[in-house]
Amino acid sequence: ARHTDENGVVVIGLGRFGYHLAGSLVQLGHEVLALDRNAERVQRWSGALDRVVQADSTEEAALRQLGVADFPRVVVAIGASVEASVLTVLALTELGVPQIWARATSEKHAKILSSVGAHHVIFPEAETGERVAHLIVSKMLDFIEFGDEFAIAKVRVPASMVGRPLRELAPTERYGVMVVGAKLPGERFRYAGPETVLRPDSVLIVEGSIGQVQRFAAIS
Ligand code: ADP
């Protein structure tokens, strides 16, 4: 049967990363075809994911037979074996998959993946390592960097800012950051505006350059 779901995603390699990725895609409502060459892995995840098949993704014919070419997006989540990951991307390129996402474990691996035709290269270990480093050495509760120095962070309200509206605190003039959201414990985030008054246990979402966000998070 040919495939028609334009939201479908194929996930290749059900190691720790691939499995979590596939599970999240299912939760987001996407049809996921997961494949791994290891029978035990296939067995282990076949209950949790709806379509898990055993196949060697370096074999173009096997991918074709499974209908992988009919999916708009494929993620190569193989990490440990650079050879398997590169050969898989090559096979997917041959099949003409429109969007190939591939996981790299090093800069060189990333270069090879791009040169054999991966459209998007992701670095989960490097990105998580970098993000967690920021969390460990600062008071930020969460942190995302978007490149070009731009970042968004989740931070506790500095004690000196409690009880006053943002209009008076003027975080943009003083610190260069924009406070975009605020929440109290047990509540949802709301957009912050000039009249938003910060509470002692409020949590804020602020955006700005990495340096500005870090300096804001360090205010007491
Ligand atoms: P993680 O670090 O996320 O645990 P691994 O690189 O250890 O990732 O796991 C990769 C997964 O990819 C393993 O389950 C492995 O069996 C699978 N895999 C490796 N090579 C192939 C291949 N040629 N075809 C299909 N699956 C593969």
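**Reading strands, turns and a ligand shell**

Tutor: Happy to. Let's start with strand E1 (residues 9-12) and strand E4 (residues 73-76), which run parallel and are joined by four bridges. Within E4, valine 75 is the residue that stands opposite valine 11. Keep in mind that this is a predicted model.

Student: What holds strands together in general?

Tutor: Strands of a sheet pair through backbone hydrogen bonds, in either a parallel or an antiparallel way.

Student: In what order do the six strands of the open sheet come?

Tutor: The order is E3-E2-E1-E4-E5-E6, and the pairing is parallel. At the edges sit strand E3 (51-54) and strand E6 (120-122), each pairing on one side only. From one strand to the next, the twist averages 20 degrees.

Student: Can we zoom in on one residue of that sheet? Which strand holds glutamine 99?

Tutor: Glutamine 99 lies in strand E5 (residues 99-103). To judge how covered a residue is, we count the C-beta atoms around its own: 20 or more others within 10 Å make it buried, 12 or fewer make it exposed, and anything in between is partly exposed. Glutamine 99 is partly exposed because it has 14 other C-beta atoms within 10 Å.

Student: Which residues is glutamine 99 in contact with, leaving aside its neighbours within four places in sequence?

Tutor: Those are Pro72, Arg73 and His119.

Student: How is the protein divided into domains?

Tutor: The domain assignment gives domain 1 (9-122) and domain 2 (127-218). Taken over C-alpha atoms, their centres are 36 Å apart.

Student: There is another open sheet, with five strands. Is its pairing parallel or antiparallel?

Tutor: Antiparallel, with the strands in the order E7-E8-E11-E9-E10. E7 and strand E10 (190-191) are the edge strands, each pairing on one side only.

Student: How many bridges link the neighbouring strands E7 and E8?

Tutor: Four bridges link strand E7 (residues 142-145) to strand E8 (residues 150-156), in the antiparallel sense.

Student: What should I look for in the turn between E7 and E8?

Tutor: Look at the phi angles. Most residues other than glycine have a negative phi. E7 and E8 form a hairpin with four residues between them, and glycine 147 in the turn has a positive phi of about 85 degrees.

Student: Which residue has a positive phi of about 70 degrees although it is not a glycine?

Tutor: That is glutamate 149, found in the loop between E7 and E8. Glutamate 149 counts as exposed because 12 other C-beta atoms lie within 10 Å. Alanine 170 is another non-glycine residue with a positive phi, near 40 degrees. Alanine 170 sits in the loop between helix H7 (166-169) and H8, and it is exposed because it has 10 C-beta neighbours inside 10 Å.

Student: Which strands does helix H9 lie across?

Tutor: Helix H9 (residues 210-218) lies across E7, E8 and E11, running at about 145 degrees to E11. Its buried residues are Gln212, Val213, Gln214, Phe216 and Ala217, and they pack against E8, helix H8 (171-175) and E11.

Student: Last one: which residues come nearest to the ligand?

Tutor: Of the 19 residues around the ligand, Gly13, Gly15, Phe17, Gly79 and Ala80 come nearest. Helix H1 (residues 16-27) gives the most to this shell, with three residues. Sorted by class, the shell has six nonpolar, eight polar and five charged residues.

How values were computed
Residues are numbered from 1 along each chain as its sequence is written. This is a predicted model: local features need pLDDT of at least 70, side-chain atom pairs count only at pLDDT 80 or more; totals for chains, interfaces and linings use all residues. Two strands pair if DSSP finds at least two bridges between them. Helices (H or I, at least four residues) and strands (E, at least two) are DSSP runs, numbered from the N terminus. A residue is near a molecule or strand if its C-beta atom, placed from the backbone, lies within 6 Å of it. Ala, Val, Leu, Ile, Met, Phe, Trp, Tyr, Cys and Pro count as nonpolar, Asp, Glu, Lys and Arg as charged, and the others, Gly among them, as polar. Axes are lines fitted to C-alpha atoms, for helices over the stretch in contact, and angles run from 0 to 180 degrees between N-to-C directions. Domain bounds come from an automatic or database domain assignment. Two residues are in contact if their C-beta atoms, placed from the backbone, lie within 7 Å.
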